[in-house]
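Please walk me through this protein.

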Amino acid sequence: MASPVVDSEYLKEIDKARRDLRALISSRNCAPIMLRLAWHDAGTYDVKTKTGGPNGSIRNEEEYSHGSNNGLKKAIDWCEEVKEKHPRITYADLYQLAGVVAVEVTGGPTIDFVPGRKDSKISPKEGRLPDAKQGAPHLRDIFYRMGLTDKDIVALSGGHSLGRAHPERSGFDGPWTKEPLKFDNSYFVELLKGESEELLQLPTDKALVEDPAFRPYVELYAKDEDAFFRDYATAHKKLSELGFTPSGSKPIIKDSIVLAQGAVGIAVAAAVVILSCLYEVRKKSK
């Protein structure tokens with residue numbers, strides 16, 4: 001499918017959809033599943049084959065039926081309510097915008113969002129998303145395939161501060177933090193405390209503490225929420241733009257305005273100089 005034309009009208013629709021998503025997510029307390037939807041649509045990317053990624057393909061029954069996507073049909077249907085109001089927006093943009101809004105409305109960092117992703121009807125084969133039963137080598141296999149780093153892996157894992165695991169979806173049960181609708185650094189604080197009966201720690205969670213390259217980031221984010229928010233916002237943006245080259249529509253619009261204003265300013269200044277010179281010439285000729 002062709003990329004959308006990101007003009008001023010498209011940007012207006014994005015702003016309206018953002019407001020609608022904010023209201024929907026807040027009223028239904030569905031931030032965790034919306035974030036999961038955005039991640040799972042983007043997390044299939046393969047940097048070598050340039051396939052998968054945030055292209056809206058998770059709306060295909062073939063893909064949302066994958067075991068790792070259990071339960072996400074509900075989020076897809078909720079997004080459809082917003083899509084009906086703003087049909088021009090691509091599913092790819094809509095799902096990633098939902099993830100950004102989910103983080104923001106629960107107290108997380110502001111994540112830069114640039115629209116322009118094109119939709120795809122081609123779904124990757126099952127097996128590209130993380131398996132919670134695995135350890136550090138598996139995490140690296142999955143995230144390195146996307147082109148992400150160790151820091152990205154740990155920062156993105158902090159998204160588990162939202163939500164809980166459901167046995168019918170993953171085979172695991174329980175929340176990772178005491179306030180599963182609040183985005184903060186408590187996931188890392190709880191990781192360093194060790195296992196407890198109240199909170200969940202998956203094998204992939206424990207790997208972050210046990211692996212010598214991952215653990216320093218866990219310790220940093222547990223004591224410095226600002227550092228976590230900064231690195232999370234960066235990693236989330238990278239994930240949401242895998243395989244997507246932003247057109248830079250907003251910066252271009254701003255730059256063009258600045259350039260136009262500069263050109264007008266120069267033209268006015270030149271006109272003033274010319275008129276002044278003409279005045280002086282006429283004055284001397286009299």
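**Cysteines, then pockets**

The count of disulfides here is zero, where a disulfide is a pair of cysteine sulfur atoms within 2.5 Å. Take Cys 30, which is in no disulfide. Its nearest cysteine sulfur belongs to Cys 79, 8.1 Å away. That is too far for a bond. Cys 30 is buried, at 4% relative accessible area. Cys 79 is buried too, at 0%. Buried means under 20% relative accessible area, with a 1.4 Å probe and protein chains only.

This is a predicted model, in which local features need pLDDT of at least 70, side-chain atom pairs count only at pLDDT 80 or more, and totals for chains, interfaces and linings use all residues. Residues are numbered from 1 along each chain as its sequence is written, and side-chain values use heavy atoms, without hydrogens and water.

Now the pockets. A pocket is an open set of points on a 1 Å grid over the protein atoms alone, where a 1.4 Å probe fits, with protein on both sides within 12 Å along at least five of seven lines; lining residues have an atom within 4 Å of a point. The largest pocket has a volume of about 1200 Å³, the space filled by probe spheres set on the points. It is lined by 47 residues, and the closest to its centre are Arg 36, His 40, Ser 68, His 160 and Trp 176. Helix 2 gives the most to this lining, six residues. Helices are DSSP runs (H or I, at least four residues) numbered from the N terminus.

The second largest pocket has a volume of about 510 Å³. Among its 25 lining residues, Lys 50, Gly 52, Asn 55, Lys 118 and Gly 243 are the closest to its centre.

Notes: Helices (H or I, at least four residues) and strands (E, at least two) are DSSP runs, numbered from the N terminus. Buried means under 20% relative accessible area, exposed over 50%, partly exposed in between (1.4 Å probe, protein chains only).
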